[in-house]
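Biologist: I have the sequence and the model open side by side. Could you pick out one part, look at it closely with me, and then tell me how you would read a few other spots in the same way?

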Amino acid sequence: MVPRYQTPEMAELWSEENRYRMWALVEAYALEAWESLGQVPKGLSQRLLEHLKEHPLDARFAQRVAELEEVTRHDLVAFTRALVEWTGDEEVGRYLHLGLTSSDIVDTAQNALLVRALDLILEELSGVQEELKRLALRYKHTPAIARTHGVHAEPTSFGLRFLSFYAAFQRDKERLERAQKTIGVAMLSGSVGNYAHIPPEVEAHVARRLGLSPEPLSTQVVPRDRHAEVLAALAILGGNLERVAVELRHLQRTEVLEAQEPFREGQTGSSSMPHKKNPVGLENLTGMARLLRGYLGPSLENIALWHERDISHSSVERVILPDATTASHYALRRLRGILKGLVVFEENLKKNLDLTRGLVYSQQVLNALIAEGLPRNRAYAIVQRNALRSWEEGLSFAQLLEEDPENPLKGERLKALFDPAPFLKHVDAIYARFGL
């Protein structure tokens with residue numbers, strides 16, 4: 001991921017140095033398991049872990065791996081050789097990587113990193129939900145115009161918009177947690193996944209140490225549908241991020257201006273038009289959502305590998321897994337900041353509610369006429385006739401109905417139908433579904 005869209009936490013998590021640290025942990029925990037089985041001398045794993053604690057793998061180590069890979073043309077072989085050099089412990093080097101194949105280390109470590117990446121994403125998602133809950137509660141009983149097809153429809157609660165987003169992200173949370181469980185597997189099963197040179201007990205021990213579960217059936221790799229599930233969950237998250245962004249972008253349009261993303265001191269909206277306040281953060285989120293959807297396709301293609309394994313998935317995952325998790329974390333953090341500083345123009349909520357001169361109460365009038373005893377077709381004709389005239393001539397819908405001799409509803413009875421309160425009468429019941 002380009003630095004512009006990185007977060008410090010994800011940059012550290014996916015750094016080359018941290019990846020090598022995780023590889024080293026997998027190797028050390030495998031040694032622990034071999035020791036417990038009496039297959040290697042006691043104390044090797046402890047010596048390795050202590051050395052790694054005293055001398056963490058850093059940029060110098062990563063550089064040495066790169067130098068060795070120039071010769072070996074194999075990153076894991078270069079890593080193990082560099083690790084032995086780093087520790088200076090030949091006995092550790094003798095038993096390091098015993099019975100293992102490269103994917104045992106790479107896949108297990110990568111899955112452990114993905115679990116941690118999803119922890120970070122879920123933490124940021126929780127912050128977004130808190131901001132949405134705050135806005136939903138703040139505007140719970142604030143009337144606003146709802147729109148269908150981009151056209152004014154009927155009054156609703158302005159807070160329901162935010163509660164709807166909150167609910168969508170709750171589903172995202174559940175999807176991400178399921179995906180996290182799916183990807184949270186360790187695999188140390190040997191060259192073709194049949195434990196020919198390493199017993200399942202080693203895999204179980206490493207999985208336990210890393211907080212993972214053993215992969216029930218691997219080949220030389222963990223099945224890639226697990227990774228696709230993670231990318232699918234992130235792609236859907238991107239869709240919901242864009243849903244929020246598109247709605248708020250619309251609300252910031254000059255003609256609407258019901259809400260506006262924060263515009264901070266010293267910020268400029270345009271290099272040529274000093275008056276501009278553009279929804280650049282929200283537009284950025286729309287772009288990030290496109291990326292998140294884009295990462296899913298290659299992940300789906302990674303599922304079908306040749307026989308027990310090929311490496312067509314490897315180059316893809318080196319890009320899409322760090323980038324997709326980083327983009328998600330960045331986008332959630334940016335949305336959280338926008339929601340925290342969101343400006344709501346309540347006077348424009350009322351102005352837009354009245355913009356069509358009462359036409360948004362047409363269904364309420366229709367239902368009242370039917371309740372009065374008029375046949376539906378006749379009631380509809382009365383309402384539609386006056387509504388269209390209101391549209392075309394710019395006249396008050398209520399006044400036209402008052403003057404219509406076929407309309408039996410007059411005076412206070414008619415006026416009461418032009419009140420947004422009835423449209424919010426069940427809002428509390430909706431909020432209660434979410435414990436709010």
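Modeller: Happy to! Two strands pair if DSSP finds at least two bridges between them. Keep in mind that this is a predicted model. Let's look closely at the hairpin of S1 and S2. Strand S1 covers residues 143-148 and strand S2 covers residues 151-157; the two run in the antiparallel sense and are joined over five bridges. Then follow the chain to the turn, where two residues lie between the strands. There, histidine 149 takes a positive phi near 60°.

The side chain of serine 218 makes a polar contact with that of serine 189, at 2.7 Å. Beyond its neighbours within four places in sequence, serine 218 touches Met187, Ser189, Val192 and Gly193.

Last, turn to a pair of helices. H2 (residues 16-36) packs against H4 (residues 59-72) at an angle of about 80°, and their axes are 9 Å apart. H2 and H4 are therefore roughly perpendicular to each other. H2 brings Glu16, Glu17 and Tyr20 to the contact, while H4 brings Ala59, Phe61, Ala62 and Val65. By type, the residues of this contact of H2 with H4 are five nonpolar, two charged and no polar.

How values were computed:
Residues are numbered from 1 along each chain as its sequence is written. This is a predicted model: local features need pLDDT of at least 70, side-chain atom pairs count only at pLDDT 80 or more; totals for chains, interfaces and linings use all residues. Side-chain values use heavy atoms; hydrogens and water are left out. Axes are lines fitted to C-alpha atoms, for helices over the stretch in contact, and angles run from 0 to 180 degrees between N-to-C directions. Helices (H or I, at least four residues) and strands (E, at least two) are DSSP runs, numbered from the N terminus. Angles under 35 degrees count as roughly parallel, over 145 as roughly antiparallel, 65 to 115 as roughly perpendicular and the rest as oblique. Contact means heavy atoms within 4.5 Å. Ala, Val, Leu, Ile, Met, Phe, Trp, Tyr, Cys and Pro count as nonpolar, Asp, Glu, Lys and Arg as charged, and the others, Gly among them, as polar. A polar contact is a pair of N or O atoms within 3.5 Å; within protein, one must be able to donate a hydrogen and the other to accept it, and residues adjacent in sequence count only if both atoms are side-chain atoms.
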